[in-house]
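Thanks for coming. Please have a look at the model on the screen, and then I will walk through it.

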Amino acid sequence: MGNKDTSESAFPRPAGNSMYPGMTLRDYFAAQVLVGLSIRREGKSDEADAKCAYALADAMLKARQS
């Protein structure tokens, strides 16, 4: 998780003369997974859930390539 995230943007939009990349698709996927994990555990999210969310986000990005 410590590597620089180079995945595509989830919501790119123009910002003046350059493109504002916004949040990465990986971060968006992880956030959505974390919401589901939090609901399942009634809001008792912790570092293990965050790691799980990014692992599932990475799997979703890999699945998009196939």
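I start with a term: rings of Phe, Tyr and Trp, the last by its six-membered ring, pair if their centres lie within 6.5 Å, and planes under 30 degrees apart count as stacked, over 60 as edge-to-face and the rest as tilted. By that rule the structure holds 1 aromatic pair. Its members are Y28 and F29, with 6.4 Å from centre to centre and 45° between the planes, which makes the pair tilted.

Before going on, the ground rules. This is a predicted model, in which local features need pLDDT of at least 70 and side-chain atom pairs count only at pLDDT 80 or more, while totals for chains, interfaces and linings use all residues. Residues are numbered from 1 along each chain as its sequence is written, and side-chain values use heavy atoms, with hydrogens and water left out.

Now the layout. The protein chain has 2 helices and 2 strands; helices (H or I, at least four residues) and strands (E, at least two) are DSSP runs, numbered from the N terminus. Read from the N terminus, the order is β-β-α-α.

Next, burial. Buried means under 20% relative accessible area, exposed over 50%, and partly exposed in between, with a 1.4 Å probe and protein chains only. Of the 66 residues in the protein chain, 18% are buried.

Back to the aromatic pair: which of its members is buried? F29 is, at a relative accessible area of 16%, whereas Y28 is partly exposed at 29%. Leaving out residues up to four places away in sequence, F29 touches A57, M60, L61 and R64, where contact means heavy atoms within 4.5 Å.

F29 also belongs to the largest nonpolar core, whose 8 residues are L25, F29, A30, V33, L37, A53, A57 and L61. Two elements, α1 (25-40) and α2 (47-65), each give two or more residues to this core, and α1 gives the most, with 5. Such a core is a set of buried Ala, Val, Leu, Ile, Met, Phe, Trp, Tyr and Cys residues joined through side-chain atoms within 4.5 Å.

Last, T24. Where is T24 found? It sits in the loop between β2 (18-20) and α1, and T24 is buried, with a relative accessible area of 13%. The side chain of T24 reaches the backbone nitrogen of D27 at 3.0 Å. P12 is 12 residues from T24 along the chain, and their C-alpha atoms are 8.9 Å apart.

Definitions and conventions:
A polar contact is a pair of N or O atoms within 3.5 Å; within protein, one must be able to donate a hydrogen and the other to accept it, and residues adjacent in sequence count only if both atoms are side-chain atoms.
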